[in-house]
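Me: I would like to learn how to read a model like this one, feature by feature. Could you walk me through it?

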Amino acid sequence: MKILITGNMGYIGPILTKQLRQSYPEAKLIGFDMGYFGNCITTADMLPECRVDIQYFGDMRQFPAEMLQGVDAIIHLAGISNDPIGNKFEDVTLDINYRASIKLAKKAKDLGIKSFVFASSCSMYGAADDSARTEQSPLNPLTAYAKSKVYTERDLEPLASDQFKVTCLRFSTACGWTERLRLDLVLNDFVACAIASKMITILSDGTPWRPLINVKDMVRAMDWAISRDVNNGGKFLAVNVGSSEWNYQVRDLAEAVAKAIPGTDISINKNAQPDKRSYKVNFDLFNKLAPNHRPQVDLVDSINELKNGLNALGFKDADFRDSWFMRLKVLTELQEKGLLNSKLQWINEAM
Ligand SMILES: NC(=O)c1ccc[n+]([C@@H]2O[C@H](COP(=O)([O-])OP(=O)(O)OC[C@H]3O[C@@H](n4cnc5c(N)ncnc54)[C@H](O)[C@@H]3O)[C@@H](O)[C@H]2O)c1
């Protein structure tokens, strides 16, 4: 088995390759990444990319089709990964996340690749009322990032066939420790706040609903998706991935972190504009299709793994929201240094 993982050098990629190494010890793993966050690493030991057999550097927008020769399955993670970057680079986000993804899927189908797994997002539900969103609920993408996921799913669906199985995993917001940690994710941010300053500042009024999932459980879902039977979910499947117990309001998350890290205060911005992004999600379909791959890690364990990891790093940076732990900050700095152009392409002359 030959598995291509795009975007393997980000937050999720390192844990995904670890999981695939265990589940498919004989498989040939190939990574493809632009390397934007190559240096954003929390380990002094082995580079996570040493786990893949071949690592390619390149841009999804100019993906070389010959790299797909002999590949059986693709897990497509590469992309602009949050709203702040998407808001600043709208066209680039649609180019990378949407157009390049569809081009990749078409080439993959032409070459007879059997399984295509797309890292989609529950953020496509946007602002919702109190009832939990199912896969049939109307979509309400509020940002370029969320729209890119909606358009990609929409155009992937007609490509799917019995020979080209497409699985769109609509992930909850990730949390947990990886070797390329992001602190621009809500729970990770709260734990970092608590450790660095004993004060969690919630940027909203704390009421938005946000389903969460530990990154270890995300990769278990991908592991399931690449080799699921086409009779289990059909040739095209878009499915919410997470668990009902993990539908939290943002202030509940802050309270759980404050409990785990004694002495932490919480500041809620009572004057904040209501955060429009708020949704509860129903995960019954995933539970039914993948009963052995339901999320296992709970909130307390997730907080503890972040706490232990950050403490082991000696993390104390109260200004981390302005540091390399934030994906937007890294890209902005690379641009300011003249290494990336306005389309987020590397500037060869500057290297
Ligand atoms: N982290 C979450 O909460 C979450 C939730 C739902 C979905 N997802 C999706 O999962 C995927 C991975 O997320 P992540 O948290 O690891 O993000 P990340 O930003 O840490 O990693 C994304 C990776 O994609 C690469 N990349 C970006 N543009 C590229 C391009 N043009 N060509 C090649 N590589 C490119 C980056 O270099 C980076 O290594 C993304 O598609 C994201 O939308 C993430």
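Reply: K149 counts as buried, at 8% relative accessibility, where buried means under 20% relative accessible area, exposed over 50% and partly exposed in between, with a 1.4 Å probe and protein chains only. This is a predicted model, so local features need pLDDT of at least 70 and side-chain atom pairs count only at pLDDT 80 or more, while totals for chains, interfaces and linings use all residues. Residues are numbered from 1 along each chain as its sequence is written, and side-chain values use heavy atoms, with hydrogens and water left out.

Me: Where is K149 placed, and what does K149 touch?

Reply: K149 sits in helix α4, residues 144-156; helices (H or I, at least four residues) and strands (E, at least two) are DSSP runs numbered from the N terminus. Contact means heavy atoms within 4.5 Å. Not counting residues up to four places away in sequence, K149 touches F118, A119, S120, S121 and M124.

Me: Which backbone oxygen lies 2.8 Å from a polar atom of the K149 side chain?

Reply: That of A119. A polar contact is a pair of N or O atoms within 3.5 Å; within protein, one must be able to donate a hydrogen and the other to accept it, and residues adjacent in sequence count only if both atoms are side-chain atoms. K149 and A119 are 30 residues apart along the chain, with 8.6 Å between their C-alpha atoms.

Me: Is R51 buried or exposed?

Reply: R51 is buried, with a relative accessible area of 12%. R51 belongs to the loop between β2 (28-33) and β3 (54-57). Its side chain reaches the backbone oxygen of P14 at 3.0 Å. Leaving aside neighbours within four places in sequence, the contacts of R51 include T17, K18, R21 and E179.

Me: How many cavities of 30 Å³ or more does the structure hold?

Reply: One. On a 1 Å grid over the protein atoms alone, a cavity is a set of points where a 1.4 Å probe fits but cannot get out; lining residues have an atom within 4 Å of a point. Grid points are joined across faces, edges and corners, and a volume is the space filled by probe spheres set on the points. The largest cavity holds about 30 Å³ of space, and its lining is Y36, F37, G79, I80, S81, I85 and L331.

Me: Finally, which residues are closest to the ligand?

Reply: D33, L77, S81, Y145 and R182, among the 31 residues that surround the ligand, each having a heavy atom within 4 Å of it. An N or O atom in the D33 side chain is 2.6 Å from a ligand oxygen atom. For R182, a polar side-chain atom lies 2.8 Å from an oxygen atom of the ligand.

Technical notes
1 Å grid on protein atoms, 1.4 Å probe; cavity = no way out; pocket = protein on both sides within 12 Å on 5 of 7 lines; lining within 4 Å.
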